[in-house]
Each structure stands twice: as structure tokens, then as C-alpha cells.
Amino acid sequence: MKFFIDTANLAQIKEANDLGILDGVTTNPSLMAKEGVKGNDAVMQHYKTICEMVDGDISAEVISTDFENIIAEGKKLAAIHKNIVVKVPMIKDGIKAIKWFSDNGIRTNCTLVFSAGQAILAAKAGATYMSPFIGRIDDSGWDGMELIHQIRQIYSIQGFKTEILAASIRNPNHIIKCAEAGADVCTCPLDSILGLLKHPLTDIGLAKFLEDAQKFA
Ligand code: E4P
């Protein structure tokens, strides 16, 4: 399973990248706004900076919702760097645009996926990645992980090549469950990635080893 970090914060991207386990980055308009990135030029420059920091796929989301403008915006984003993946919302014109991008060699991430039916459409349109939002499904009282299992089963039976990019991750256990369910990628906040490091017995064991090491130092 590939690890992406789900942020537009450059310090957090650097920290995850320095661990040596990062395969890419996902952003969205809310994450960009959170970093105070304002104006088209600044947004484009921010994506370029991320591409220069991380050697992996970088999702950059369109903010247009009609076919012509999604295509125009996606072309500009894709021109920033070879690793840019154009993130397109799961709407009718989005599906048309994903098919167009796929036919024209531009890679895509179909975002805001909340059902197996949407996942099938994204795969049929030729999306490179498709992002089910686990945490938001959990928040609404349903089971996000169940959707990952269902999509994995459908994609495997049907031989769809689109990669399942589990998104809206809220905690380390989500990451473990995504790995179990066969997600191809998990995009996570830094805290959830670092949370995988933690176990109290590791801390207790290390403290004892270091204490005992003093006896022969
Ligand atoms: C990633 O591609 C998504 O935009 C992101 O994971 C959404 O996460 P959230 O539900 O925490 O906003």
C-alpha cells in the first residue's frame, strides 16, 4: 500500500518525506485555504514547490464544475509537473472530464466518492485513482471501511485498473484497516502516520534497554 500525506502544509510534507516512506501528496481546496495560499499564481507555485519536495504523485484539485473549464484547468495543473495528478469531483461533468483526460494521457484522481456505484463510474471513465472518503462516511453514521472492502471486491472481480486511494483518514487504525481491506493507497494526515509508530510496550522496552545499557557502558 502506498502512503500519501493529505495536506498542503510544507513543513508536514517535509517531515513525512524525511521519514523515507512517502509515496505522494493529496491536497484539496480546503487544505490549500488552510495554508493561506491565495490567488492562482500562488496556488500554482505551491503545487510546484510540493512537486519539487516529493518524488511521487501529487494530486491538485480543479475548482471548476463544468466540462470545458475542468479540462482547461486540468491541463494547466498537469503542465506544472509530470507528477501532477488532476483531482476531479465525482459529478457528471467530472466523469466526462476524467474520460477525456484518460484518453489524452493526463492522470486523474476522482474525488468525493461515497458509494460503490460512484467507484464503478470512476473506473469505467479511466480514473488513475479514486478516493472514497472513509472518515466522512463514519462521521455520518455509516461504515467507511465497509465501502473500501466492497470496492476492492468489485474492482478485483471486474479487473478494473483504477487504484483505490482511501481518503479522509482520521486515525492510525484507519490506515491498518485500509491495508487489510486491500486499498492501493492511503492518504493520511501526519498525525495518523506518526501514530503508527506508537506502542507503550515499545517505550517501556526501550527505556529498560537503555537503563540496562548503562550497566556495561
Ligand atoms: C483527500 O484527497 C481528501 O480531500 C481528504 O482526505 C478529505 O479529508 P477530510 O474528510 O478530513 O476533509
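Helices (H or I, at least four residues) and strands (E, at least two) are DSSP runs, numbered from the N terminus. The model on display is predicted: local features need pLDDT of at least 70, side-chain atom pairs count only at pLDDT 80 or more, and totals for chains, interfaces and linings use all residues. Residues are numbered from 1 along each chain as its sequence is written, and side-chain values use heavy atoms, with hydrogens and water left out.

**Stop 1: Ser131**

Select strand β6, residues 129-132, where Ser131 is found. Ser131 has a relative accessibility of 1% and therefore counts as buried (under 20% relative accessible area; exposed is over 50% and partly exposed lies in between, with a 1.4 Å probe and protein chains only). Next, display the side chain of Asn109, which a polar contact of 2.7 Å joins to that of Ser131. A polar contact is a pair of N or O atoms within 3.5 Å; within protein, one must be able to donate a hydrogen and the other to accept it, and residues adjacent in sequence count only if both atoms are side-chain atoms. Apart from neighbours within four places in sequence, Ser131 is in contact with Asn109, Cys110, Thr111, Leu112, Val113, Leu165 and Ala167 (contact means heavy atoms within 4.5 Å).

**Stop 2: the barrel**

Now show the strands together. They form a closed barrel of eight, in the order β1-β2-β3-β4-β5-β6-β7-β8, with parallel pairing; two strands pair if DSSP finds at least two bridges between them. From one strand to the next, the twist averages 30°. Helix α4 (residues 67-80) packs on the sheet, where it touches β3 (57-61) and β4 (84-89), and its direction makes about 155° with that of β4. For such values, axes are lines fitted to C-alpha atoms, for helices over the stretch in contact, and angles run from 0 to 180 degrees between N-to-C directions.

Turn to β1, which runs parallel to β2 (residues 24-26) and is joined to it by three bridges; here Phe4 stands opposite Gly24. Between β1 and β8 there are four bridges, again in the parallel sense, and Lys2 has Val185 of β8 as its bridge partner.

**Stop 3: β8 and β7**

Stay on β8 and display its side chains. Val185 and Thr187 point one way, Cys186 and Cys188 the other, and all are buried. Two bridges join β8 to the parallel strand β7, with Ala166 opposite Cys186.

**Stop 4: helix α9**

β7, α9 and β8 make a right-handed β-α-β unit: with the strands pointing away from the viewer, the path from the first strand over the helix to the second runs clockwise. Select α9, residues 172-181, whose buried residues are His174, Ile175, Cys178 and Ala181. These residues lie on the same side of α9 because they cover an arc of only 130° around the axis, taken from the directions from the helix axis to the C-beta atoms. Their packing partners include β1 (2-6), β7 (163-166) and α10 (190-195).

At the start of α9, a side-chain oxygen of Asn171 reaches to within 3.1 Å of the backbone nitrogen of Asn173. After the helix comes Gly182, with a positive phi near 85°.

**Stop 5: Ser64**

Finally, select Ser64 in the loop between β3 and α4. With 16% relative accessibility, Ser64 counts as buried. Its side chain is joined to that of Glu73 by a polar contact of 2.5 Å. Leaving out residues up to four places away in sequence, Ser64 touches Asn69, Ile70 and Glu73.
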